[in-house]
Amino acid sequence: MHNDFMAGAADLAEPRQLLVQLLNPDSRADPYPLYRRIREHGPLSLPANNLAVFATYGECDEVLRHPHSANDRLKSTMVQRAVAAGQSARPFGAPGFLFLDPPDHTRLRKLAQNAFAPKVVRALEPDVVTMVDGLLAALEPGSTIDLVADLAHPLPVAVICRLLGVPLADEPQFSWASALLAQGLDPFATFTGQLRGDLDQRLEAGRWLRGYLRELVAERRADPREDLISALIAAEEDGDQLTEDEIVATCNLLLIAGHETTVNLIANAALAMLRNPQLWAELRGSPELASAIVEETLRYDPPVQMTSRVAGEDMTIGDVSVPKGDLMMLLLAAAQRDPAQCENPDTFDPHRGAIRHLAFGLGPHFCLGAPLARLEATIALSTLTRRFPDARLAGEPSYKPNVTLRGMATLPVDV
Ligand code: HEM
């Protein structure tokens, strides 16, 4: 993608106009009508930008399963062209394993995945219950709370800090870094960053977080504890070739992946219920409904709205030819409202029975933190409705600028 991607947007042919609208902050509160237009338009093919955009369930599913779909951005023509023009290939340092392909992806994921096994996550349940109770006990019944600042944000941050072994006292600083770095996942962020004037800030946040994690790794090397950073160091010292850069990149990925996403899930689910008050009452009476509410939120209003792949070879997806090196954008949030896949897709209905979605991805990069995110959200939502049975929306939510990790900045609720 070039800096001129958005230039003269008003004159651009329709596919590009649709994408430019997607980046427009005015689309953030409700991007779903736009997703529908893109889905109904059919795949957007922009060969001059080495880009294809897919928005149906079938196409997204096919790309995620395809053996030639790659995640390493160095395989993309666009990045190769930027490198040839003198830009850094990896401006943010070594990538986390989400942006690697086998064999490195397989090796690094294996080392991290023990910490997220369902058994390990189940053992965290009492801690999560205590954290949720503590956060909600601080809220005054009868007041107006901000559900993001008071619950949805602090819970996942505390959980991921605990798991990794990051001191909670440093949270404000790494929340700042994580929020900026999350914007780096937005489409074209690296190449249009200068237009938004935030690339330098994101680079600085990236440098700060890597430096911070490097220091923490040194501390844990000298004084190991029962946390994931110490476990990753131990794996390295058992003869596995996990380098210092790889440990830092893995911690970096987990902090960012485990943070904004779960904040968005809890807030999006709460908003859906506040807009359907009978569900709030129903969950209060039947806490076992929480997991269906979480799954329907993942389908209806997913925390990660899109992802992408690089064509590792020439590929054909549906009727579209994708040359080797082109980027494929997958609009998961559009795919999950595809009427070919789901009846009444624009209705939030946790009782719809089997709920199929791609909100955690699919295939070798399937979200490592899915069991943890589900645990946090089900406990947060069932406790919330029990403690505040008469909660009501106190105003419209406001949204952060992020396109990919789209989520609320504030959600005012009368409790
Ligand atoms: C609701 C919360 C979450 C959502 C919606 C979510 C979504 C996703 C998605 C869509 C992917 C796949 C991206 C792709 O294939 O391009 C992914 C991967 C990943 N997620 Fe999550 N995630 C969530 C929570 C978490 C948490 C809590 C953690 C860890 C603490 C986590 C760690 C990861 C990691 C490490 C990967 C990369 C896996 C790989 O490349 O093998 N996620 N997530």
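Predicted model: local features only at pLDDT ≥ 70, side-chain atom pairs only at ≥ 80, totals over all residues.
Which backbone nitrogen lies 2.8 Å from a polar atom of the side chain of D186?

Residues are numbered from 1 along each chain as its sequence is written, and side-chain values use heavy atoms, with hydrogens and water left out.

Okay, back to D186. The nitrogen belongs to T404. The backbone nitrogen of V403 also has a polar atom of the D186 side chain 3.0 Å away. For polar contacts, we take pairs of N or O atoms within 3.5 Å; within protein, one must be able to donate a hydrogen and the other to accept it, and residues adjacent in sequence count only if both atoms are side-chain atoms. D186 itself sits in the loop between α10 (171-183) and α11 (189-196). Helices here are DSSP runs of H or I, at least four residues, and strands are runs of E, at least two, numbered from the N terminus. D186 is buried, at 4% relative accessible area; buried means under 20%, exposed over 50%, partly exposed in between, with a 1.4 Å probe and protein chains only.

Now the whole chain. We've got 19 helices and 12 strands, and 54% of the 415 residues count as buried.

On to the ligand. There are 26 residues around it, and H105, R109, T307, H365 and C367 come nearest; to be near, a residue needs a heavy atom within 4 Å. And what does the iron get from the protein? A single donor, C367 (SG), 2.3 Å away. Donors are N, O and S atoms within 2.8 Å of the metal (3.2 Å for Na, K and Ca), and with water not among the atoms, sites may look incomplete. You'll find C367 in the loop between α18 (332-335) and α19 (370-387).

The side chain of H105 has an N or O atom 2.6 Å from a ligand oxygen.
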